[in-house]
Amino acid sequence: MKKKITCIDCPQGCQLEVDVENGYVVGLSGNKCPKGEVYAKQEIENPMRILASTVLTRALNIKMVPVRTSRPIPKSKLFEAIEEIKKIRLSRPVHVGDVIAPNFLGLGVDLISTRDAI
Amino acid sequence: MDKRDLVVVGAGPAGMAAAISAFESGVKDILLLERDQYLGGILNQCIHPGFGLHYFKEDLTGPEYADRFMKKIQTLPEIEISLRSFAVNLTKGKVLIYLKPGEMRQVKAKALIMATGCRERTREMVHIPGTRPAGIYSAGLAQKMINLEGLLPGKEIVIVGSGDIGLIMARRFTLEGAKVKAVIEIQKETSGLIRNVVQCLEDFDIPLYFRHKISKLYGKDRVEKVEVTAVDTGSRFELTCDTVLISVGLIPENELIEMAGVKIAGEVNKTSLPGLFVCGNSYKVYDLVDWVTRDSAKAGEAAAEYLRDLK
């Protein structure tokens, strides 16, 4: 199966045409540099994204604390992750980078605060 | 009247970078005014990553990017921070009037840096015909409601304009459980970053219509639907929705400079009045905050140089 994707490794944004078989990249054209190959393989075989959202607080100086995953997580887990984030109520003060939920969803990444809340 | 060597208006990324660099270039008496109750400006509501790739060589969210500068400023007693301070008047003599809760203050500055950012263009500026129901938001306002106030403005969304804020909000609404029906763009390409088209629209199969516009908006109390027209062929279709987001660009906010009868000069950060500088999005609309930081630091240096020459 042919699939068209845009390489976002750099601002050139090469239009890649990828040959996909059983979820694996078997052919590639359109990339102007080797980064396109790495990108296509990752993007087709296991796309990953940093997820950013907010957590509701109780009795802190801001109502919503922005959070993100410490590293990218599989794209297929985004909605499951956001549902989990919505369940969290934060009442302890946090600083930028503090862990809000360790080993989030068992994915080996932490959910971290991206803003101070006191 | 209070007297200061340097007053910086606005403590978003531009104002913070300008204040820090002015301090580092030798200015020791700086007043930093911010109308909000926090430093950071618009970065506080930009919770997505993609900031700092050039300046810090790291992928940071908006609040994380702002935090680096906030922490630095808070260690510098030479920079006095005045929050909830809203500048309302500026004269050619560099007298600035600002409001704080319960009081009005005047300050005479030897040098001034305006870092007042942008406003969003509105529905009225793109002439969308139809009724005037509830449910029409500028993209940045919707971003503030969701990310700072924890409120979801609607469930079925149509976005006008494919600039970065509109794209970012398409993803944000989708993740929060709303259905983004389409992004409508009158140009033949997006003005947003490619990574945002990929990660905010393509990731969630949100259609992007180029060379289309909203030709009519329907709804009595609340938006009910929009009519979309292809500008080249005239063919039309309708989309039901309860919310329309307007993401059609930004306008530098320079009322205070205009009030003083001063013009922005061609050269970066300069105005027609020596000692009055303008930086960040109020100088020109930037696509990356990294460049705001870089250029605003130069405004701080220029202000320091001006003050040195005064002596």
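## Where the chains meet

In this predicted model, 21 residues of chain A are in contact with 17 residues of chain B. Contact means that two C-beta atoms, placed from the backbone, lie within 7 Å. Three elements of chain A give two or more residues to the side that touches chain B: β5 (52-57), β6 (64-69) and α2 (78-87). Such helices (H or I, at least four residues) and strands (E, at least two) are DSSP runs, numbered from the N terminus. β5(A) gives the most, with 4 residues.

By class, this side of chain A has 10 nonpolar, 5 polar and 6 charged residues. Ala, Val, Leu, Ile, Met, Phe, Trp, Tyr, Cys and Pro count as nonpolar; Asp, Glu, Lys and Arg count as charged; the others, Gly among them, count as polar.

## Reading the model

Residues are numbered from 1 along each chain as its sequence is written, while chains are lettered from A and ligands numbered from 1 in the order in which they are written. Local features need pLDDT of at least 70 and side-chain atom pairs count only at pLDDT 80 or more, but totals for chains, interfaces and linings use all residues.

## Domains of chain A

The domain assignment of chain A gives domain 1 (2-46) and domain 2 (52-113). Domain bounds come from an automatic or database assignment. Taken over C-alpha atoms, the centres of the two domains are separated by 31 Å.

## A helix pair in chain B

Helix α4(B) (residues 139-147) packs with helix α5(B) (residues 164-175) at an angle of about 35°. Their axes are 9 Å apart. Axes are lines fitted to C-alpha atoms over the stretch in contact, and angles run from 0 to 180 degrees between N-to-C directions.

From α4(B), Ala139(B), Gly140(B), Ala142(B), Gln143(B) and Ile146(B) take part. They meet Ile165(B), Gly166(B), Met169(B) and Arg172(B) of α5(B). These residues divide into 5 nonpolar, 3 polar and 1 charged.

## A buried proline

Pro153(B) sits in the loop between α4 and β11 (156-160) of chain B. Pro153(B) is buried, because 21 other C-beta atoms lie within 10 Å. The cut-off for buried is 20 or more, with 12 or fewer for exposed and partly exposed in between; C-beta atoms are placed from the backbone.

Leaving aside neighbours within four places in sequence, Pro153(B) is in contact with Tyr137(B), Ala142(B), Met145(B) and Thr243(B). Pro153(B) and Tyr137(B) are 16 residues apart in sequence and 8.4 Å apart in space, C-alpha to C-alpha.
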